[in-house]
Amino acid sequence: MSVVENKEQETLEFVRDTISQIGLTRADLIPILQTITNKFGYISQVAIREVAALLKLPTKEISSVATFYRMLSTEPRGKHLIQFCESAPCHVVGGRQVLHKLKEILDLEPGQSSADNKWTLITTSCLGVCGIGPVILIDTDLYGNVQPDQVKSILSRYE
Amino acid sequence: MPVIKSLDELKRIREEALRKQELKSTSGKTEIVVGMGTVGIAAGARETLKAILDFVDHNHLENIIIRQTGNIGIDSFEPVVQVILPGTEKVTYGRVNAEVAKMIMEEHVVKRNIVNDYKVEG
Amino acid sequence: MTFYRSTVLVSVDPICVEKGAYELIDTLNDELIKQGLIDEVQVLETTRLGDPTKFGPDLTVYPEGTHYTNLTYYDIPRLVEEHFIKGRVLKQYAAKMMDNIDEELRAPRSKEIRVVLRNIGVIDPRNIEDYFAYDGYMALGKALTEMTPEEVIQEILDAKLRGRGGAGFPTGLKWRFARQAQGDIKYLICNADEGDPGAFMNRRVLEGDPHSVIEGMIIAAYAIGARQGYIYCRAEYPIAVSTMTLAIKQARALGLLGKNILGTNFSFDLEIRMGAGAFVCGEETALMASIEGSRGEPRARPPFPANKGLWGKPTNINNVETYANVPQIILKGAEWFSSMGTEKSKGTKTFALAGDVKNTGLIEVPFGITLQEIIYDVGGGIKGDKKFKAVQTGGPMGGCIPEKLLNLPVDYETLGQAGSIMGSGGMIVMDEDTCMVDIARFFMEFTQDESCGKCVPCRVGTHRLLEILEAICNGEGKQEDIAELRELSDQIKKNSLCGLGQGAPNPVVSTLEHFLDEYEAHIYEKRCPAKVCRSLIKFEILDGPCTGCTVCARNCPVNAISGERKATHVINQDICIKCGICHQVCQFDAIKIS
C-alpha cells in the first residue's frame, strides 16, 4: 500500500474505533471530532466522510460543525501548536510585544503553519490564567509571565 | 467509604471528617514534647510518656498535643519533658519520672504554675 | 475515650490501594500491638493525602505532620521503631508536603466576604472528605429530607439570588418556570464556558471546590424535577475538567449522585460535556446547540430554555457561581443571604481584578461596595502608583468606567446605568498609559472574531466598526467616523439576536462617551495622547541623556538604530517599527516617545 493509502486506512480504523467508544448519536459528534483532531492534528476529508457514514448524517453537517469550533481543524496543523492568548488582560501587561517576537522568530502570521510543518501559530481567546499573563500555550505546556526575550529559549525546547 | 444511605449517616461522616481536619491544626493547643532518644528510653521515658497519656485520658483534657523527639543534648537530665502552653515560652523539665510527670501535668498544664524544682535552665 | 498521642492517616485512594495500602494498614496495626503502642497511636483511613504518588502508598503522622511516601509493608517495623519509639523521622521515606503560593487567590482583604470562594485553598478539592468537614452536602441532606421542592424554590426566591453569569435574572423564578413547565423529562445544565477574557472565577471554583457546584446542582435538580444534568466546561480548562470528573466519581461512589440519593426516591446524575473553543457557546442557547452536536449558534427566545431547552425539553441553565451559592443559602437561610448587598442585588459577587492594579487576582465582595473601594482598598491601588484612567467591567461586552464614576456602588443596575454590564465579573483596570481608542479596537477585534455570523448586523456591523477603529488608530481617521461609529453601534445593538451582538458595541459607545477627546486627537491631530498607537508615535533618542552605550542598537529587531560608541545614537524613522524594545532596554531614559 502506498503511504497515502496507509494513512487513509489508519484514519478509517481510528474513526471507527473512536465512534465505537464514544457513541453514534448526534450529541457525540463534537467529542468524536475532538478526538480525531487530537490524534491527527486535523480532520481530513476521509475522516469527515467516514464519520458522516457511521452517524448517518450528511457530510456537509459534519463539515459545518468541524469548521465552527476553534479547537477543531480541517486543515493540517504543524507538529507543535502554539496558542497565544490575545485577550485584554494579557494585552495590557505586554502581550503585544511577546506576540510580535513570536511572529518575528517564527516568520508566521497567526493562522499559518511553518513550511517545515513544525509549528502552527494561532491566537486564542482568554485561557483564564490572567494572573500570570502574558501567556503562551504550546501543545499542553503553559508558559506564564512570558517576556519577549524568553520566547526564543521557550521555542528551542521543542524538536 | 460505603454508600451514604441517610442524613444520619451523612452527619456521622461529617463528624469523622471534622476530626481528621482537627488533627492538621496545631494552633491554640498545648504542646508536650517527650524526649525519646536512646538515653531517654534507657532512663525510663516510655513510662513517663505513659503517665502523661493516662493523665490526659483520665482528666479528659482537651487541646493537647503530645510529641516526641530524640536526644536534645542534656543526657544527664533524661527523661526530659518540654511544655509549651499556647502563646508562651517553652519550659524544659529534667529527670521526669512517672510521678514527676503527673505533678507537672497537674501544676503546669492544668494550673499554669511552673514547677521550678524540676525546671532546667537554658 | 482513649487519648492518642499520635494519629496516622493512611491514604486509601485507588492508586495507593493498588500499591498495597490495606496491607500496610494491617501490618501497621500488628506492629503497634506488638510494640504495645496500640493504645497510643491511632490509625485512620483517608481518601487522599497530597498529590497522588507514582509509587505509594503514603501516610502522614500527626501532630508532627510528617509525610511519608513510597512505603511498603516490610518497612513498617522499622518505621514504628524509628518514628514512634525513638522519635526520629525515617528520612529516606519522608517527603515534603508541597506548599503552593497562590498567586490568583490571596488571603481575604478587609471588605471581602468569601461565600463562593470560602473553601478555595483551604480544602483539597480531590478529597471529598475535606468537603464533608466544611458542611459538605449537609444542605443537600436538609433539602431532600426536610424540604419540598417548592420550599427549596421559595427559599432561593426569598434570598433574591440573581444569576451570576451576567444577566442577573432571579434564579428562584427561573427554577419555578422550569418546575411548572409541562413534561416528565427535564434537564439541568451548568454553564462553565467562562470565556470572558480576564475572568477566571468559575475556573477556580471548578478546580478548588467542585463539590459546591455539584451539591448546588443536585439541589436545583430536586427543585425543578430533573433527573439528568450536564456541566458544559470549556476545553481551555483541562484541570477543571479533570478535577470535576474526579469529584463526580467520588460523589457517585458515595451515592450522592445516581439512584435514590440519601435513601430518598430522588435520583439524579451528572455528566461533563466539553466545549471546543467557541466563545459564543457561553450564550445559553448556543451552549445547548453545542451539547446537541451542532454549530454553536444562538436562537431566538422565546421559547426560553425553561420551557423548551435541551432537545426541546424544559431545561434550567445556571452559571457555576450561581449553583455554588445554593448550598450556603439552604443551610444558612434566605435572610442571611439577603442581609448582604443592595436593595436589588443581594449577596456577594466574585470579581477577577486584572490589568494595572497592584493586587490582581480573585476577590469576593458584597454588592454595594464602590469601585473606588474595590480598586484601591482591595486591589491596593494602581501598579507603580500611576494615575487611574478607566476600569472595564463585565468582559468584552462591557463598557469602560472613568474616574468620575468611581464612587459608584456596584450592583447590576448601577453598572448598567454607567454604560457597562456586570457580566461574569471581570474587571480590567487601566492606567494613564492606556489608549482608550486602542482598547475599543482591541475588544472589537475579539467580538468580531467570536461572532457566530448568524445575524447580519452583528457579523457585518462589528467588522465595519473594527475597520473604522483600525483606521483611526493608524492615523487615517476621518471627520465622519465618530458619527458613523455611533450610528452603527446603535443599529447593531438593536438588531442582534443574542447578547454578543447586543453588547459588542458597548466598549465603543462608552469610550466615545467618556473619552471623546482621545478620539478627536487621533482623528484631527493624528496624535495618540497615551502614546500607544504605533502609527501615531515616534521614537526619538534624546541627545542629553544618551551615553552611546549601544544597548538599544543591539536590541533593535530591525537594525534601525545607528551610532558610534559613546556618541548619541539615532533612530531611522523609515525603518523603525515602533515595537518599543529600545525604550524598554535603555537604562538612561534617553528614548522619548512623542
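Domain bounds here come from an automatic or database domain assignment. For chain A this assignment gives domain 1 (3-66) and domain 2 (80-155), and the centres of domain 1 of chain A and domain 2 of chain A, taken over C-alpha atoms, are separated by 29 Å. The model is a predicted one, in which local features need pLDDT of at least 70 and side-chain atom pairs count only at pLDDT 80 or more, while totals for chains, interfaces and linings use all residues. Residues are numbered from 1 along each chain as its sequence is written, and chains are lettered from A and ligands numbered from 1 in the order in which they are written.

Two strands pair if DSSP finds at least two bridges between them. In chain A, four strands form an open sheet with mixed pairing, in the order β2-β1-β3-β4. β2 (119-124) and β4 (141-143) of chain A stand at the edges with a single partner strand each, so one side of each is left without a neighbour in the sheet. On average, neighbouring strands of this sheet are turned by 20° against each other, direction ignored. Axes are lines fitted to C-alpha atoms, for helices over the stretch in contact, and angles run from 0 to 180 degrees between N-to-C directions.

Within the sheet of chain A, strand β1 (residues 80-85) and strand β3 (residues 136-138) pair in the antiparallel sense over three bridges. Here A:F84 stands opposite A:I136 in β3(A). Helix α5 (residues 88-106) of chain A lies across β1 and β2 of chain A and runs at about 150° to β1(A). Contact between two residues means that their C-beta atoms, placed from the backbone, lie within 7 Å.

Chain C comes next. Its secondary structure comes to 23 helices and 18 strands, and its C-alpha atoms fill a box of roughly 90 × 70 × 40 Å along the principal axes. Of the 594 residues in chain C, 54% are buried. A residue is buried if 20 or more other C-beta atoms lie within 10 Å of its own, exposed if 12 or fewer, and partly exposed in between, with C-beta atoms placed from the backbone. Among contacts in chain C between residues at least 6 apart in sequence, 71% join residues at least 24 apart.

The assignment for chain C gives domain 1 (6-95), domain 2 (128-338), domain 3 (348-431), domain 4 (436-524) and domain 5 (538-593). The C-alpha centres of domain 3 and domain 4 of chain C lie 22 Å apart, and eleven residues of domain 3 are in contact with 16 residues of domain 4. The side of domain 3 of chain C that touches domain 4 of chain C has seven nonpolar, four polar and no charged residues. In this grouping Ala, Val, Leu, Ile, Met, Phe, Trp, Tyr, Cys and Pro count as nonpolar, Asp, Glu, Lys and Arg as charged, and the others, Gly among them, as polar.

An open sheet of five strands in chain C has the order β2-β1-β3-β4-β5 and mixed pairing. Its edge strands are β2 (41-46) and β5 (94-95) of chain C, each pairing on one side only. Strand β1 (residues 6-11) and strand β3 (residues 58-62) of chain C pair in the antiparallel sense over four bridges, with C:L9 opposite C:T60 in β3(C). Helix α2 (residues 21-34) of chain C lies across β1 and β2 of chain C, at about 160° to β1(C).

C:I76 has its place in helix α3 (residues 76-85) of chain C. This residue is buried, with 20 other C-beta atoms within 10 Å. Not counting residues up to four places away in sequence, C:I76 touches C:L24, C:T27, C:L28 and C:E31.

Strand β7 (residues 228-233) of chain C has five of its six residues buried, so it is largely enclosed by the rest of the structure. Strand β6 (residues 187-192) of chain C pairs with β7(C) in the parallel sense over six bridges, and C:A192 stands opposite C:C233 in β7(C).

Finally, 27 residues of chain B are in contact with 27 residues of chain C. The largest share of the side of chain B that touches chain C, nine residues, comes from α1(B).

Definitions and conventions:
Helices (H or I, at least four residues) and strands (E, at least two) are DSSP runs, numbered from the N terminus.
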